[in-house]
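Me: I would like a close look at one part of this structure, namely the charged pairs along its helices. Please set out what holds there, and then how the rest of the model relates to it.

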Amino acid sequence: MAEGSERVNKRFSGGFVDEMRSVAMKLHTKDQAKEGEQETQGKPWPKWEPTIEGYLKFLVDSKLVYDTLDNILHQAHFPEYAEFKNTGLERAGKLEEDLKWFKEQGHLIPEPLSPGIDYSVYVEELSKKDPQAFICHFYNTYFAHTAGGRMIGKKVASKILNGKELEFYKWDGDLSQLLQNVREKLNRVAENWTRDEKNHCLQETEKSFKFNGDILHLILA
Ligand code: HEM
């Protein structure tokens with residue numbers, strides 16, 4: 001119990017990120033997370049029955065989205081994006097290694113599908129005109145993967161990969177420190193936002209959930 005609450009407390013930052021997290025947690029279903037408030041529709045996630053084919057679709061679409069996010073941060077249409085380059089949370093390179101491994105095992109790597117393509121097109125467009133909304137997607141996509149994403153990865157690995165831990169779930173360095181550094185940057189960037197801009201950022205969370213949820217559901221395809 002003490003260990004659990006210590007872990008949860010580490011996810012608080014004392015700034016705007018706490019608001020982002022709180023909105024995100026409420027959008028979880030009750031079976032996904034203790035703080036979730038939504039009713040479960042369809043199968044509760046612990047009962048998911050993944051397939052390798054579906055999981056590969058999920059990994060390919062995730063790679064497309066992480067590549068897109070990285071490109072946006074490097075192009076830095078808005079100066080604040082540059083803050084989030086090379087945070088150590090990047091996932092595209094790790095996913096490339098995993099997909100190479102699957103190929104070596106004789107699996108066919110699929111082309112990206114509409115969940116990943118649609119999300120990439122959406123964030124790319126958004127990033128050029130709406131930094132607050134874009135940063136909401138940056139936060140949710142990267143942080144979700146370190147929380148529920150990791151739990152799902154473990155479950156899938158034990159069900160269909162003989163427990164093999166993919167590179168997607170490994171970070172170079174101490175993950176909680178990497179996350180804390182990014183929280184501090186997010187808090188600093190948001191200090192320059194008006195209350196309306198902050199609310200606008202928070203309102204985008206639902207879209208991030210919808211897009212990321214569609215990509216997660218590929219695991220079952
Ligand atoms: C089956 C799907 C999902 C499950 C089982 C799940 C589970 C969880 C759990 C258990 C936590 C709390 C971790 C902790 O505080 O220790 C969490 C945090 C979080 N989740 Fe999810 N989640 C899912 C989907 C999503 C989606 C689709 C998004 C949006 C993109 C999302 C965004 C987040 C965020 C932003 C956090 C906070 C992370 C942090 O505080 O560092 N989750 N999730």
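**Charged pairs and their surroundings**

Reply: The side chains of Lys 128 and Glu 125 meet in a salt bridge, with 3.5 Å from N to O; a salt bridge here is a side-chain nitrogen of Lys or Arg within 4 Å of a carboxyl oxygen of Asp or Glu. This is a predicted model, in which local features need pLDDT of at least 70 and side-chain atom pairs count only at pLDDT 80 or more, whereas totals for chains, interfaces and linings use all residues. Residues are numbered from 1 along each chain as its sequence is written, and side-chain values use heavy atoms, with hydrogens and water left out.

Lys 128 and Glu 125 are 3 residues apart in helix 5 (residues 114-129), so about one helical turn separates them. Helices (H or I, at least four residues) and strands (E, at least two) are DSSP runs, numbered from the N terminus. Lys 128 counts as partly exposed at 40% relative accessibility, and Glu 125 is partly exposed with a relative accessible area of 40%. Buried means under 20% relative accessible area, exposed over 50%, and partly exposed in between, with a 1.4 Å probe and protein chains only.

Side chains of opposite charge can pair when their charged atoms come close. The structure holds 11 salt bridges. Among them is the one between Lys 63 and Asp 67, at 2.8 Å from N to O. These residues are 4 apart in helix 3, so they too are separated by about one helical turn. Lys 63 counts as buried at 17% relative accessibility, while Asp 67 is partly exposed at 27%. Another salt bridge joins the side chains of Lys 100 and Glu 104, at 3.9 Å from N to O. Lys 100 and Glu 104 lie 4 residues apart in helix 4 (residues 92-104), about one helical turn, and both are exposed.

In soluble globular proteins, nonpolar side chains tend to be buried together.

Finally, His 28 lies in the loop between helix 2 (16-26) and helix 3 (52-75).
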